[in-house]
Amino acid sequence: MIIVTQGVKLTSTCPVCGGVLIRDVGQFIARGQLRWGIEGRCRTCPNAWCETGVGAAPEEISQALLAEHGPARLRLATKEAPLVPVLRALRETCHLSLGEARLMAADLGGGGLTGTSVEMAHLAEGLRKRSVATERVPPPA
Ligand SMILES: [Zn+2]
């Protein structure tokens, strides 16, 4: 099993003592699910917490990951990929409506979809389960 994970350390001011707060934020895939996590701790006071969630990461986390590691781009390996399995995979993987899945499928078959490396790996895996081949392409400059 391939473990896909990506993280970044963020520093900010501790709201409790005003010291340096370190937050380890990240995205990962566990048991086929896209997940995110935050582990925060203050360098000077006991303020510490941990938070995780399933699905799309909060904006702050995905932005931090994109800033640190850069975006990944995924597209269909062939232009002739049948639409129905693509739509099914997108709806299952990303919990989309049919309309949203159609828009995503159009991007996927055209220039490609961009997101964090973990998001794209999760999407590629969902498509692979439906026998739809994808490829990583360089992200837009
Ligand atoms: Zn503190």
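1. To begin with the domain interface: the rule finds 0 salt bridges between domain 1 and domain 2. It does find 3 residue pairs in polar contact across that interface, both residues of each at pLDDT 80 or more. Please keep in mind throughout that this is a predicted model.

2. The domain assignment places domain 1 at residues 5–69 and domain 2 at residues 72–137 of the protein chain. Contact between them involves 11 residues of domain 1 and 7 residues of domain 2. The C-alpha centres of the two domains are 27 Å apart.

3. About 710 Å² is buried between domain 1 and domain 2, and carbon and sulfur atoms account for 69% of that area. On the domain 1 side, Gln27, Ile29 and Leu34 contribute 51% of the area buried against domain 2, more than any other three residues.

4. Which elements give two or more residues to the side of domain 1 that touches domain 2? They are β1 (5–13), β2 (20–30), β3 (33–42) and α1 (59–69). Sorted by class, that side has 5 nonpolar and 6 polar residues, and no charged residues.

5. The structure as a whole holds 5 salt bridges. One of them joins the side chains of Arg23 and Glu60, with an N to O distance of 3.2 Å. Arg23 belongs to strand β2 and Glu60 to helix α1, so this pair ties together parts that are 37 residues apart in sequence.

6. Glu60, at 46% relative accessibility, is partly exposed.

7. Helix α1 also contains Glu68. Glu68 counts as exposed because its relative accessibility is 52%, and the class begins over 50%. From Glu68 to Ala89 the separation is 21 residues in sequence and 29 Å in space, C-alpha to C-alpha.

8. A further salt bridge is formed by the side chains of Glu135 and Arg75, at 3.1 Å from N to O. Glu135 sits in strand β7 (residues 134–137) and Arg75 in strand β5 (residues 72–76); the pair links distant parts of the chain, 60 residues apart. Glu135 has a relative accessible area of 31%, which means that it is partly exposed. Arg75, at 30% relative accessibility, likewise counts as partly exposed.

9. The side chains of Glu92 and Arg130 also meet in a salt bridge, with N to O at 2.3 Å. Glu92 is in helix α2 (residues 83–94), while Arg130 is in the loop between α4 (117–129) and β7. This pair, too, links distant parts of the chain, 38 residues apart. Glu92 is partly exposed, with a relative accessible area of 42%, and Arg130 is partly exposed at 30%.

10. To sum up the interface, the side of domain 1 that touches domain 2 has no charged residues, and the rule finds 0 salt bridges across the boundary. Polar contact there amounts to 3 residue pairs, and 69% of the buried area comes from carbon and sulfur atoms.

Key:
Residues numbered from 1 in each chain as written. Predicted model: local features only at pLDDT ≥ 70, side-chain atom pairs only at ≥ 80, totals over all residues. Heavy atoms only, no water. Domains from an automatic or database assignment. Contact = heavy atoms within 4.5 Å. Buried area = accessible area lost by both parts, 1.4 Å probe. Salt bridge = Lys/Arg side-chain N within 4 Å of Asp/Glu carboxyl O. Polar contact = N/O pair within 3.5 Å; in protein donor to acceptor, adjacent residues only side chain to side chain. Helix = DSSP H or I, 4+ residues; strand = E, 2+ residues; numbered from the N terminus. Nonpolar A, V, L, I, M, F, W, Y, C, P; charged D, E, K, R; others polar. Buried < 20%, exposed > 50% of the residue type's maximum accessible area, 1.4 Å probe, protein only.
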